[in-house]
Amino acid sequence: MVASGSILAVPLGSTEQHGPHLPLGTDSDVALALADRLAAARADVLVAPVLPYGSAGEHAAFPGTLSIGAAALELVAVELVRSADAFAGVVLVSGHGGNAAPLAAAVGTLRAEGRAVLAWSPRIGGGDAHAGRTETSLLLALAPERVRLHSAQPGDIRPLAAVLGELRRRGVAAVSPNGVLGDPTGATAEEGERLLDDLAADLIAAVEAWRRR
């Protein structure tokens with residue numbers, strides 16, 4: 001495949017706690033899986049290596065979390081896309097919600113420079129916020145050997161909007177001592193596969209709409 005006629009999909013994740021039962025690289029695993037599904041659906045897509053660090057300072061109280069912060073992520077995204085001018089466009093596939101604002105800022109800069117770039121992240125209606133049933137199901141579908149279901153336990157089950165202010169001020173540990181925002185009870189690989197199908201379809205549709213502009 002010739003780069004000049006191709007789209008580069010860059011998976012962006014995070015290295016952060018996901019409760020006592022999910023791996024630190026959960027967001028990176030999801031981002032890479034969705035980028036791979038995009039490439040399987042479109043012959044013009046190439047997948048870059050995953051960037052496993054993001055803006056995750058809200059999880060800093062938990063061991064294992066490694067964050068480069070919002071400003072650094074924004075700069076990294078800008079420079080990565082600038083270095084990919086050989087491609088027809090770049091899709092930034094993010095698996096971590098905390099990456100959204102810095103990636104939006106990066107896209108604004110890059111589009112002002114005339115570059116073709118799209119930032120996409122999962123939107124799951126009714127899903128819980130972090131390490132609950134949604135992400136547990138996704139990981140059971142992707143890497144069941146790395147899910148410790150015997151350690152899974154509910155965290156703060158209030159809607160994200162109800163805890164977001166305190167979470168931003170004091171971090172996840174202030175609202176959920178075990179790091180879970182939601183309830184992983186009942187998570188299944190079958191539900192995870194359905195979620196992956198839905199998310200991949202949304203990503204593919206977003207890229208198709210973007211390329212038609």
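A residue counts as buried when its relative accessible area is under 20%. The exercises below apply this cut-off and others to a predicted model.

**Exercise 1.** Determine what share of the residues in the chain is buried, and describe the accessible surface of the chain.

**Exercise 2.** Describe the order of helices and strands in the chain, and then judge how compact the chain is for its length.

*Solution.* Begin with the inventory, which is six helices and four strands. Reading along the sequence then gives the pattern β-α-β-α-β-α-β-α-α-α. The radius of gyration is 17 Å, close to the 17 Å that the globule rule gives for 213 residues, so the chain is as compact as a globular protein of that length. As for its extent, the C-alpha trace spans about 50 × 35 × 25 Å along the principal axes. Finally, of the contacts between residues at least 6 apart in sequence, 80% join residues at least 24 apart.

**Exercise 3.** Locate arginine 42, decide whether it is buried or exposed, and list its contacts beyond its neighbours within four places in sequence.

*Solution.* Arginine 42 sits in the loop that lies between α1 (26-41) and β2 (45-47). Its relative accessible area is 16%, and because the cut-off for buried is under 20%, arginine 42 is buried. With neighbours within four places in sequence set aside, arginine 42 is in contact with Ile7, Val207, Glu208 and Arg211.

How values were computed. Residues numbered from 1 in each chain as written. Predicted model: local features only at pLDDT ≥ 70, side-chain atom pairs only at ≥ 80, totals over all residues. Heavy atoms only, no water. Helix = DSSP H or I, 4+ residues; strand = E, 2+ residues; numbered from the N terminus. Rg over C-alpha atoms; globule rule 2.2 N^0.38 Å. Buried < 20%, exposed > 50% of the residue type's maximum accessible area, 1.4 Å probe, protein only. Contact = heavy atoms within 4.5 Å. Areas by Shrake-Rupley, 256 points an atom, 1.4 Å probe, with all protein chains shown as cover.
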